[in-house]
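Dear colleague,

I am handing over the structure below, and after it I set out what was found. Please keep it open beside this note as you read.

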Amino acid sequence: MTGTDLQARARARLLELAGGRGVSLSALSGLLGRNPAYLQQFVRKGSPRKLEEDDRRVLANFFGVSESELGAPARAASGSAVAAGGVARALADWADIPRLPLGASAGPGALARDEAPSGQLRFSARWLKAQGLDPVALSVIAVEGDSMEPTLRDGDEILVDRTPRALRAGIHVIRLDDMLLVKRLEPGPAGTMRVISDNPAYPASERAMGEVDVVGRVVWKGGRL
């Protein structure tokens, strides 16, 4: 295989790997410490003609593949095959949880939108197991609005466990009146539940159990300081 064919295959493989992981070329360029257009130009324009050795190694480690798949000559790739196997085993210690491109409103409410994943957030598989969480039943969504402040702030990301469980007091993502909301729920009297905002500026409400569709329980949050 000529050098030109090798790099053409590397560009196609990089696109395939990025698509499979749900990560953009600009984000991968940032991982390399390059400008956002670096890998886009490599893939679309062939400039640079081939990846720098250090960049290729970082990308191969990130995806858990051999450097030969990203354009390394055979002799360079042979030394990386064992390392790639170690990376693949290390990646098994992590779970990629899908990000859903919809916001759970912590304000007046937002209509639920398309739930196709828009990326992933990586969690330790050991930590998830210790929490009794099954990665298959988890998703990550963003909080919109201020009604759950100070507990949850606008832009925070939350991990939602959709495992069917008996309702208990806590913060949940719910669908109510065609809105996707994140609220604190408490059992109420005679088949009702209280829907509570942690921000005292927003009043609590009491709704019949059948009116509230509990999507899942919030088990983790992440956000800026």
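A residue is called exposed here if its relative accessible area is over 50%, and buried if that area is under 20%. Please bear in mind, too, that this is a predicted model.

I begin with helix 3, which covers residues 38-45 and whose buried residues are Tyr38, Leu39, Phe42 and Val43. When the helix is viewed down its axis, these buried residues fall within an arc of 125°, so they line one face of helix 3. Just after helix 3 comes glycine 46, which takes a positive phi of about 70°.

The other part concerns strand 6, made up of residues 170-176, which is mostly covered, since 6 of its 7 residues are buried. Strand 6 runs antiparallel to strand 7 (residues 179-187), and 7 bridges join the two; leucine 176 stands opposite methionine 179 of strand 7. The hairpin formed by strand 6 and strand 7 has 2 residues between the strands, and in this hairpin aspartate 177 takes a positive phi near 55°.

Strand 6 also pairs with strand 10 (residues 213-222), again in the antiparallel sense, over 4 bridges. There, isoleucine 174 has valine 214 in strand 10 as its bridge partner.

With best wishes

Methods. Residues are numbered from 1 along each chain as its sequence is written. This is a predicted model: local features need pLDDT of at least 70, side-chain atom pairs count only at pLDDT 80 or more; totals for chains, interfaces and linings use all residues. Side-chain values use heavy atoms; hydrogens and water are left out. Buried means under 20% relative accessible area, exposed over 50%, partly exposed in between (1.4 Å probe, protein chains only). The arc is that of the directions from the helix axis to the C-beta atoms. Two strands pair if DSSP finds at least two bridges between them.
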